[in-house]
Amino acid sequence: MAICLIALYRLIQQMENTMIVPKFALLIYLQSRKNSQEILCVVCPKMNAHYSLLSLMPRNYCTQRRFKLSFSSGIFANSSAVANSLRSSEERVYEVVLKQAALVRKQRRESALDLKKPTESDWNRLNEAYERCREVCTEYGNTFYLVTLLMTPELRRAFWAIRVWCRRTDELVDGPNATYITPKDLERWEKILTDLFEGRPSDVYDVALSDTVSKYPIDIQLFKDMIEGMKLDLRKSRYENFDELYLYCYCVAGTVGLMSVPVMGIAPESKASIESVYNAALALGIANQLTNILRDVGEDASRGRIYLPQDELAQAGLSDDDVFRGKVTNKWRSFMKGQIKRARMFYDEAEKGVSELNLTSRWGVWASLLLYRQILDAIEANDYNNFTKRAFVPKAKKLVSLPAAYGRAFMGNSKLAKLIMR
């Protein structure tokens with residue numbers, strides 16, 4: 001802990017005259033962690049314009065696969081041309097990345113962000129809506145909420161609105177009423193989503209999100225794709241290969257990263273392409289969801305779910321019965337090593353985009369990435385027993401990681417290394 005605080009003190013001394021985030025912000029954050037066992041939630045950041053998503057995975061995972069679901073104008077559709085059905089999920093998801101990047105590029109050409117000043121009555125209504133979103137974030141995501149406090153008031157309000165919608169969507173299939181939810185309910189939820197994008201919010205929470213999506217170039221398709229991820233949870237409990245699993249991870253987590261980048265913004269001095277920044281955001285979302293899956297194998301198995309590629313289990317000499325039995329064997333250890341390696345590769349790709357974000361957004365993203373990535377280390381430390389042991393990052397390790405994240409955000413890796421070596 002002493003080393004951690006010394007490093008923090010040196011960082012503050014070096015950046016006193018230049019940093020945007022107040023000096024007290026990190027200290028407040030450290031204090032807030034004292035009695036909490038949570039880890040940072042992803043606020044979502046996160047290679048070149050022509051960089052293929054297939055290269056995000058190890059070479060042996062890049063074989064051409066065939067996915068049973070088909071695509072048309074969006075990620076999912078009931079029918080499509082035969083040619084479309086032969087394309088990988090990575091290629092299809094990349095179309096969403098390109099579309100979102102095009103929206104940002106168009107907005108840059110036309111004008112700066114249109115942060116319109118509402119009338120007094122509208123202002124009171126919006127204040128109430130964002131305040132209600134803030135309350136939800138403090139109740140269900142203390143760490144996420146604290147990270148948003150490091151942002152400007154306008155940005156934090158936008159993140160509260162997005163976060164609350166994502167949580168409400170997830171609660172439909174994982175909440176207390178999940179057993180009563182049907183695909184028709186999710187279709188109604190999507191209709192409500194369309195209405196709020198068209199300026200017709202249905203409740204106070206949607207008032208906040210409707211205001212947010214009117215200000216930032218966020219495509220409705222991202223929200224629709226998250227709903228599709230919920231539909232997958234209703235009808236699927238197995239994934240035949242990584243191509244199928246990748247699509248699920250995109251829907252439930254990659255979308256959040258793509259939603260958030262327009263709000264966080266890309267640094268004016270960044271030389272990276274817009275597509276590359278969004279690609280990195282997607283990679284971080286995929287990495288975090290893969291981490292969740294590997295951490296929660298035992299918990300998911302208790303509900304009859306296996307979020308592991310069936311073909312790769314078979315190649316490792318394993319079956320569903322082995323997962324339900326929950327016994328750590330050499331075959332399981334070898335299989336888990338490969339899964340963890342792939343997740344880390346996605347984190348590596350995500351790191352490339354964090355430094356391209358606006359300065360005020362970087363610290364929370366770096367902290368989230370570094371802390372969540374350490375869950376993979378914890379799985380290894382548990383001898384790959386993710387059946388009966390839940391992997392988590394100890395509080396001391398979290399605290400030690402924060403100055404490193406802070407330094408990467410404001411100084412970069414090379415400058416931080418030189419400072420620590422003094």
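Asp243 sits in helix H11 (residues 242-264); helices here are DSSP runs of H or I of at least four residues, strands are runs of E of at least two, and both are numbered from the N terminus. This is a predicted model, in which local features need pLDDT of at least 70 and side-chain atom pairs count only at pLDDT 80 or more, while totals for chains, interfaces and linings use all residues. Residues are numbered from 1 along each chain as its sequence is written, and side-chain values use heavy atoms, with hydrogens and water left out.

**Asp243**

- Asp243 is buried (under 20% relative accessible area; exposed is over 50% and partly exposed in between, with a 1.4 Å probe and protein chains only).
- Asp243 has no salt bridge, a salt bridge being a side-chain nitrogen of Lys or Arg within 4 Å of a carboxyl oxygen of Asp or Glu.
- The nearest side chain of opposite charge to Asp243 is Arg92, at 5.4 Å; Lys and Arg count as positive, Asp and Glu as negative, and His and the chain ends are not counted.
- The backbone nitrogen of Ser89 lies 2.8 Å from the side chain of Asp243.

**Whole chain**

- The chain has 19 helices and 0 strands.
- Of its 422 residues, 55% are buried.
- Its accessible surface is about 19,300 Å², and carbon and sulfur atoms account for 52% of that; areas come from the Shrake-Rupley method with a 1.4 Å probe, and for residues only the protein chains shown count as cover.

**Salt bridges**

- The structure contains 33 salt bridges.
- One of them joins the side chains of Arg168 and Asp203, at 2.6 Å from N to O.
- Arg168 is in helix H7 (residues 153-174) and Asp203 is in the loop between helix H8 (183-197) and helix H9 (204-215), so this pair ties together parts 35 residues apart in sequence.
- Arg168 is partly exposed at 25% relative accessibility, and Asp203 is partly exposed at 24%.
- Lys184 and Glu187 form a salt bridge with their closest N and O atoms 3.8 Å apart; the two are 3 residues apart in helix H8, about one helical turn.
- Lys184 is exposed, at 53% relative accessible area, whereas Glu187 is partly exposed at 41%.
- Glu228 and Lys231 form a salt bridge with a closest N to O distance of 3.5 Å, and both lie in helix H10 (residues 220-235), 3 residues apart.
- Glu228 is buried at 14% relative accessible area, and Lys231 is buried at 13%.
- A network of salt bridges links Lys191, Asp195, Glu198 and Arg200.

How values were computed:
A polar contact is a pair of N or O atoms within 3.5 Å; within protein, one must be able to donate a hydrogen and the other to accept it, and residues adjacent in sequence count only if both atoms are side-chain atoms.
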